[in-house]
Amino acid sequence: MQAHRHDRRIAAQKSQVLIEALPWIRGFSGTTVVVKYGGNAMVSESLRQAFAEDITFLHHAGIHPVVVHGGGPQINAMLDRLQIDSEFRGGLRVTTEESMQVVRMVLTGQVGRDLVGLLNSRGPYAMGLSGEDAAIFRARRRKVKIEGESADLGLVGEIDHVAPEAIQTIIDSGHIPVISSVAPEFDDNGEPTGQVLNINADTVATAVAVALGASKLLILTDVEGLYSNWPDRDSLVSTIGVSALKELLPTLESGMIPKMSACVEAVEAGVPQAHIVDGREEHSMLLEIFTSAGVGTQVLPDDHPEVLALNTTGGH
C-alpha cells in the first residue's frame, strides 16, 4: 500500500509539471528558438544525451529549435595533439592560418557531424551546415580593442550579413538546423576573399536569432548564470534589463563578456528575450523554457514589465 501511494504521489508531481508546462508550450509553439551549444554540455556524455533529448522534445512540442555550436574543448584538444599553441585575447581565440585549418576541420567535420548523428539517433531530425554553405553568412575581420589598444586576432571575424533563407528552408521541411560557427570572409566591396574566418559561436547564435525573428535565444554555458558581484554566489541575477547589463559588462570576467554582449545585441535587435543557462545541469534548457521559475539569467528589454518591476523594487 505504501508503494502504491508513493507511485501515485510521483505521478501527481509529474502531472503538475506537465500542467505548468502547457501554457509555455502553447506560447512558444510555432516559434523559432536559437540555442547556442557549447562548454561541458558537449563533452560530458550524459549531458550530450540530455541535450539531444531536450532538442527533440522542443521539436515535438511544435517549437523550431536551431542549434549553433562552438567547439572550444575539441579545438583545444586537437591543437594540443598537433602541438599548435593556443592564445586568447579578451576571451577570444587568436586564429592563425595553421590553427584555422584545425578550427574548420573540428567544427564542421567533427563536432557538427557528431551532433547531427546524436540527434538523428532519435529520428531523422537534424541537418548540418556551416556559414560557408549556401552563403548563409558573410563575415569581416574582427577589429577589437583590449585595454584600450587595438588587437589583432588573426583569422577571427564577425558576422556582417545573414541570409536566413537556407536555414528557414530546413526548418520548413520539418528538420533541425545544426550550424557550425565558421564563415567566408568578404571585403569592403562585398567580394569574397577566399578566406574562411573563425566566428565566436555566441555572436553567430545572436545573428541567426535576429535574422530568423526568433522568440528566444538560449546560450548554454558553464556557470549558473550572471553574477553581479562575482565571486559572491548570492549575487546571481535571475532577470536583468539591457541597460543594467550594459553597465555591468566592463566588470565581468573576460569569458562572460562575449556571452552577455550577445544577449544585449539580440534583445536590442528585437529578440524578445535572451537567456544564459547552466549547461552543466541536465534538462536546464527545458526548465528555462517551460517553467515559471526558470533557471539561469534572462535578459529582457528595458520596457518589459518584469524589468520595470525590478527597477521599482531595486531587486534582481
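A residue counts as buried when its relative accessible area is under 20%. In this predicted model, N198 has a relative accessible area of 9%, so N198 is buried. N198 sits in strand β10, which spans residues 192-199. The side chain of N198 makes a polar contact of 3.2 Å with the side chain of T95.

N198 also carries an annotation. The UniProt record, an unreviewed entry, lists G71, G72, R93 and N198 under "binding site". Such annotations may be inferred rather than shown by experiment. G71 is placed in the loop that runs between β2 (64-69) and α3 (72-81). The relative accessibility of G71 is 7%, and G71 is therefore classed as buried. Beyond its neighbours within four places in sequence, G71 contacts M42, L107 and V111.

M100 belongs to helix α4. Its relative accessibility is 4%, so M100 is buried too. M100 and V156 lie 56 residues apart in sequence, yet their C-alpha atoms are 9.0 Å apart in space.

T108 is a further residue of helix α4. With a relative accessibility of 28%, T108 is classed as partly exposed. Residues up to four places away in sequence aside, T108 is in contact with R113, S130, S180 and V182.

A pair of packed helices is described by the angle between the axes and the distance between them. Here the axes of α2 (residues 45-60) and α4 (residues 97-120) come within 9 Å and cross at roughly 65°. The crossing of α2 past α4 is right-handed. On the α2 side, the contact is made by R48, Q49, F51, A52, I55 and T56. On the α4 side, D114, L115, L118 and L119 take part. By class, this contact holds 6 nonpolar, 2 polar and 2 charged residues.

R48 is one of the α2 residues in this contact. R48 has a relative accessibility of 16%, and therefore counts as buried. Its side chain forms a polar contact of 2.9 Å with the side chain of E45. Leaving out neighbours within four places in sequence, R48 is in contact with Y37, A41, M42, V43, D114 and L118. Of these, D114 and L118 belong to the α4 side of the helix contact. M42 is also a contact of G71.

Two loop residues stand out by backbone angle. Most residues other than glycine have a negative phi. Q83 is not a glycine, but its phi is positive, near 60°. Q83 lies in the loop between α3 and β3 (88-89). Its relative accessible area is 72%, so Q83 is exposed. A134, likewise not a glycine, has a positive phi of about 55°. A134 is located in the loop between β5 (126-130) and β6 (137-146). With a relative accessible area of 64%, A134 is exposed.

How values were computed. Residues numbered from 1 in each chain as written. Predicted model: local features only at pLDDT ≥ 70, side-chain atom pairs only at ≥ 80, totals over all residues. Heavy atoms only, no water. Axes fitted to C-alpha atoms, helices over the stretch in contact; angles between N-to-C directions. Helix = DSSP H or I, 4+ residues; strand = E, 2+ residues; numbered from the N terminus. Left-handed = near helix turned anticlockwise from the far one by under 90°. Contact = heavy atoms within 4.5 Å. Nonpolar A, V, L, I, M, F, W, Y, C, P; charged D, E, K, R; others polar. Buried < 20%, exposed > 50% of the residue type's maximum accessible area, 1.4 Å probe, protein only. Polar contact = N/O pair within 3.5 Å; in protein donor to acceptor, adjacent residues only side chain to side chain.
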